[in-house]
Amino acid sequence: EEEFKWLLQEEVHAVLRQLQDILKEASHRFALPTSGSGGAVKQENFVLNTSGTDQVKGVMTLQGDALCQADVNLKMPRNNQLLHFAFREDKQWKLQQIQDARNHVNQAIYLLMNRDVNYQFKTGLEVLKLMDAVMLQLSRARNRLTTPATLTLPEIASSGLTKMFTPTLPPDILVNFYINLNKLCLTVYQLHVLQPSTTKNFKPAGGSVLHNPGAMFEFGSQRYEVSHVHKVECVVPWLNDALVFFTVSLQLCQQLKDKISVFSSYWNYRPY
C-alpha cells in the first residue's frame, strides 16, 4: 500500500512532466517559430516528385499549417503540352489536418498541466481516466495525419483550391493537396467529358482519398471520367518528428496505465 501511495504521489507526476516535455516539443514542431522574428513561422520549400513519371513536377512552400505558394508543371499525355500553374499571390491553402493535429496536441498538454506538481491523486482510477483522456487526444492528433479525408470528385471540383491558381485551371484538370503520415501529397486528375451518346454505364464514384482512372462523376451539367491520375509527394521532416513524439507519448501513457492496473488488482486502494 505504501508503494502504491508513492506511485500516485511521485512517479505519476514524474511521468506527467515527461509527457509535457515531449508534447511541448511536438507542439513546437507544428508552430515552427524562427528565432528573433517575433514568433513568425518560417517558410519551407519542398520539391514534389515521384519515381514513376515526370508528368507532374512542383515546388510547394509550407508555412506552418498553410501552403502559401505552389508552383506546378503538368505535361499532358495527349499532346505533350506543358501547362504551368501557380497560386495567386493573394491566396494560401490551409491544411486542416495539420491545424487539427496541433489543436489535439495542445489539448493533451492542457489536460496534463491541469494536474500540477502539488496535485494529489487519490485513486488509481483517477490516473487511468487522465491517461485515457490524454491518449484520446494523441490518437486523434496522429489519426489526422495518418488518415486523409475521403472526398468525392464533385467535392474536389467545387473545392476552393481549384480557384487559387493562375492561370485558371482548365475544366478537365482537378487537384487535391493532403497530408499522409509525414508526406505532403499532390494529386492531379486529368478528365475527359462523357458525351450524352456514350455507351458507357454511368456509375458515379463515391468518396476516396485517391480516385483511379475510370472513376466517373457529374459536375454542373457535365459528366466526366478520370483518364489519368498523377500523385507526387515530398517528406516533411518535422511531421515525422511529431509522429515519433505521438508514439513515444502513447507508450508512456500505456506503461503508466499498466502499472496502476497491476497495483489496483492487488489492492482496492482507498485513502484514509
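This is a predicted model: local features need pLDDT of at least 70, side-chain atom pairs count only at pLDDT 80 or more; totals for chains, interfaces and linings use all residues.

Biologist: What volume does the largest pocket have?

Modeller: The volume of the largest pocket comes to about 250 Å³, and its lining is made up of 14 residues, with Ala 149, Leu 151, Asn 176, Phe 177 and Tyr 178 lying nearest the centre.

Biologist: And which element gives the most to that lining?

Modeller: That is strand 7, which contributes three residues to the lining of the largest pocket. Strand 7 covers residues 173-180, and strand 5 (93-94), helix 2 (96-113) and helix 4 (153-157) also supply at least two residues each.

Biologist: How do the lining residues of the largest pocket divide into nonpolar, polar and charged?

Modeller: In the largest pocket, seven of the lining residues are nonpolar, four are polar and three are charged.

Biologist: OK, what about the second largest pocket, what is its volume?

Modeller: The second largest pocket has a volume of about 200 Å³. Its lining also consists of 14 residues, and those nearest its centre are Ala 157, Thr 162, Pro 171, Leu 174 and Phe 219.

Biologist: What is the phi of Leu 181?

Modeller: Phi of Leu 181 is near 60 degrees, which is a positive value in a residue other than glycine. Leu 181 belongs to the loop between strand 7 and strand 8 (183-193).

Biologist: Why does Leu 181 count as partly exposed?

Modeller: Leu 181 counts as partly exposed because its relative accessibility is 42%, and partly exposed covers the range between buried, under 20%, and exposed, over 50%.

Biologist: Last one, where is the place of Gln 251?

Modeller: Gln 251 is part of helix 5, which spans residues 237-266. Gln 251 has a relative accessible area of 45%, so this residue is partly exposed.

Biologist: And how far is Gln 251 from Asn 114, going by their C-alpha atoms?

Modeller: The C-alpha atoms of Gln 251 and Asn 114 are separated by 21 Å, while along the chain the two residues are 137 residues apart.

Methods
Residues are numbered from 1 along each chain as its sequence is written. Side-chain values use heavy atoms; hydrogens and water are left out. Helices (H or I, at least four residues) and strands (E, at least two) are DSSP runs, numbered from the N terminus. Buried means under 20% relative accessible area, exposed over 50%, partly exposed in between (1.4 Å probe, protein chains only). On a 1 Å grid over the protein atoms alone, a cavity is a set of points where a 1.4 Å probe fits but cannot get out, and a pocket is an open set with protein on both sides within 12 Å along at least five of seven lines; lining residues have an atom within 4 Å of a point. Grid points are joined across faces, edges and corners, and a volume is the space filled by probe spheres set on the points. Ala, Val, Leu, Ile, Met, Phe, Trp, Tyr, Cys and Pro count as nonpolar, Asp, Glu, Lys and Arg as charged, and the others, Gly among them, as polar.
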